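Please look over the sequence and the 3D structure below before reading on. The briefing then takes up a few places one at a time.

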Amino acid sequence: MHVCPRCETTLSQSEVTEGYKDVKDLSVTVKFELVDEPGTYILAWTTTPWTLPNNTALAVGNDINYIKVEIEGTKYILAKILAGKVLKDAKYEVIDQFKGSKLIGVKYKPLFDHYAKKEDLKNRENGWQVYHGDFVNIEEGTGIVHIAPAGGEDDMNLGRQYDLPFVQNVNMDGFFKPEMGELAGLNVKPKEDHMSTDVEIIKYLAHKDLLFHKEKYEHSYPHCWRCDTPLINYATSSWFVNISKIKERMLELAKEINWMPEHIKDGRFGNWLEGARDWSISRQRFWASVIPIWECECGERKVVGSVKELEDLSGEKLDDLHKHIVDKITFKCEKCGEIMKRIPDVFDCWFESGSMPYASIHYPFENKEKFDNAFPAEFIAEGSDQTRAWFYYLHAIATGIKDSHAFKNVIVNGIVLAEDGKKMSKKLKNYPDPNYIMDRYGADPLRYYLLTSPVMMADNLNFSEKGVSESLRKLNNILWNVYKFYEMYADSNPRSSISDLQLNNLNNVLDKWIIARLNQLIKESTEAMEKYNLPKATRPIVEFIDDLSTWYLRRSRDRFKGDDEKDKKDALKTMGHVLLEFSKVLAPFTPFIAEQIYQNVSGLKFTDENKSVHLENWPEAGEIDLELLEKMSLIRKVVEIILSIRDNLKIKVRQKLQDCYVHITDYIKIGLNNEDKYEYSDFSKLLKEEINVAKVHFVVLEDKLPSNDTFVSDSGIFDNIKVRLNTELTPELIAEGISREVIRSVNAMRKENDLTINDRIEISYKADGEIKQAIEKYRSDIMKDTLADALEEGESEINKQIKINDQGVNLSIKKIN
């Protein structure tokens, strides 16, 4: 087993995997001289020179081809295929070839004779000779393996098979025993210089002319996860859970567990289960739970199942379960009447972690009904490293004692690293202070950034502050701006702004569409949550916010301040309903802004009612109008094409154009059913306003698209949509474009001066020619859209010089008290 010499305790398989590090070590090729053929040496290679004093045998492969070569009068034996790699540039002559089976039984001289000369050493007669080992390969080394039964699992198995002498010349603390002469007292793998003892052994071998070659190499070596001390392979006794006995059942039960991401199930976790070995659960430590086994010298053992049972056996009251207390408790052996004492070992801490479902509620002594209702757990969540630790041990114990898996669903996250891909380090200061992140951006953006990142799918994440900033902008800021716009038009009693909304009685296509999008979001998020796929549940949220802000709200602004009372109320109630239901979707992911939106829109913040979005039920998706969603998607693609044409031609969107023609290949999807022009009424107004054209023509047949010079075609952004945009500017269109520029500039001035919708203004201007004519022509539209009570020539308090169509215009506004 692997032991930590500093902690003086064994480590389990999973503990060993936690501490691998890439280190440089020394490897040696050693000369073992044959007893019956002086001057002939078997070459064996090892990466652990400190185990050479333990050597009691060499192993070869019966069917491997070996050669005997001569170099300057000295003969060496090694695998034929590895000769070039081992002998390198040396000039040698092959004097014999044979199978490994010919070497079986050949005796050699011990490298170190501290134990070989002891006549009372058990099985001494079987030592220091060659045996067959089925683990020997020709991938590296010399094709001959040095065997130290006290220093490796293959070695120990071979030692048991052939009754080899067992030489353990190292204590569990990692120091050579006193009988090791000049090596006595050396630490075989000191933390401060892990190669120092290897160097001493190499010096010894060189002095005895037993060293053939040495070199440094880099490899992955296990270290103690507690103290970073290099581990050593050490033959010791341990208590085990017999995983081999239940492994098949563990594999069967594992099939019933849902993993997110799914590949962990048959990948990292499944592979670990397949290769699982018996679990060493005993540790030679102080602070841990005692193993409740008492032994008698007669061989009797007693496993104590509870504090009460131990009290009954010992007659002592027990209120402290620490090792130094429990070790003093003894009782008589039922078999022979002598005193039984507790074994000195304590539990592997993972045995305690794996016992959590039972120990946490004192099961089976209490809470049986509570346990039965909650086991197996609905889900657990931890890092990917726990596939070989907590997840595994929970599963092993549950299989062993309950014939069940311990959990139904698992969310596995990866590791959050610094932006440079390195581990976050206080020393390197390669990550932003968490308090700074919270203070600057808040908890919600940080939560959303992590929830939507690859780290929630067991991949590592290079943490970026820019990612948190982007979450703040795309989610919190945009959503809050939507709410603030809604708040401007909501009734003084917020509840009246959302009550009595008849979803089946909405007329405006935008209202119908945003309700369909909300239901679509709820459905997508619900399905992903049911599968425990958090990124898939959360990523659509910012897409919905973008749709709500840049499409629904932007296209509905005029409705909120328009003259159509029903349309205005529908827009207000729809927005209120969407914000309220959306806050319930946000609640598990971004709890703070969800609560703020919920309290404000519902009006609860103005009451004493103790309600919260976090006490609401998860929303249920209503009917989703997929046809409407498809239609709107097509219309938005048309918009994208038209805006691209405008951008290429440097024609601002504020400049109205005469008309455009649209051909959609799968026209049936948007309700076209005739053979010629068709203005799709539900979307025509919406499309005309967005792309700023006087008229939109939908045509069924592509050859009906106009082809004269005033119409510009699209560049083929989408295969199923073709458009022609009329770019000819008439005086009327130019005048209207000028008026829109004036409206935009005035409203920008209002915003710069923090004016609200309740603030009325007077506008003064100075302009000539077509600019003046356009302002006068569209006087009423300009006043309406800028909340102005007057529009006159002249100057006022706040002035701004702008250019429209390369002509200077002076605009002034004055707030009316």
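Predicted model: local features only at pLDDT ≥ 70, side-chain atom pairs only at ≥ 80, totals over all residues.

Residues are numbered from 1 along each chain as its sequence is written, and side-chain values use heavy atoms, with hydrogens and water left out. Helices (H or I, at least four residues) and strands (E, at least two) are DSSP runs, numbered from the N terminus.

**Helix pairs**

- The axes of helix H16 (residues 465–489) and helix H20 (residues 591–602) come within 11 Å and cross at roughly 5 degrees, where axes are lines fitted to C-alpha atoms, for helices over the stretch in contact, and angles run from 0 to 180 degrees between N-to-C directions.
- H16 is therefore roughly parallel to H20, since angles under 35 degrees count as roughly parallel, over 145 as roughly antiparallel, 65 to 115 as roughly perpendicular and the rest as oblique.
- On the H16 side, the contact (heavy atoms within 4.5 Å) includes Leu475, Leu479 and Trp480, and on the H20 side it includes Ile593, Ile597 and Val601.
- The residues of this contact between H16 and H20 divide into eight nonpolar, three polar and no charged, where Ala, Val, Leu, Ile, Met, Phe, Trp, Tyr, Cys and Pro count as nonpolar, Asp, Glu, Lys and Arg as charged, and the others, Gly among them, as polar.
- Helix H18 (residues 534–560) and helix H21 (residues 626–649) have axes that come within 13 Å and cross at roughly 70 degrees, so that H18 and H21 are roughly perpendicular to each other.
- Asp547, Thr550 and Trp551 of H18 meet Met632, Arg636 and Val639 of H21, and the residues of this contact divide into three nonpolar, one polar and two charged.

**Two buried residues**

- Thr10, which is placed in strand E2 (residues 9–10), counts as buried because its relative accessibility is 0%; buried means under 20% relative accessible area, exposed over 50%, and partly exposed in between (1.4 Å probe, protein chains only).
- A polar atom of the Thr10 side chain lies 2.9 Å from the backbone oxygen of Ser282, and the residues that Thr10 touches, not counting those up to four places away in sequence, include Met1, Glu15 and Thr236.
- His114, in the loop between strand E8 (93–99) and strand E9 (129–132), counts as buried because its relative accessibility is 12%.
- The backbone oxygen of Met180 lies 3.3 Å from a polar atom of the side chain of His114.

**Backbone geometry**

- Most residues other than glycine have a negative phi, and most peptide bonds are trans.
- Trp128, in the loop between E8 and E9, has a positive phi of about 60 degrees although it is not a glycine, and Trp128 is buried because its relative accessible area is 7%.
- Asn367 also has a positive phi of about 60 degrees without being a glycine; Asn367 lies in the loop between H11 and H12 and counts as partly exposed at 35% relative accessibility.
- A cis peptide bond, with omega of about 10 degrees, joins Met260 and Pro261, and another, with omega of about 15 degrees, joins Tyr363 and Pro364.

Methods: Polar contact = N/O pair within 3.5 Å; in protein donor to acceptor, adjacent residues only side chain to side chain.
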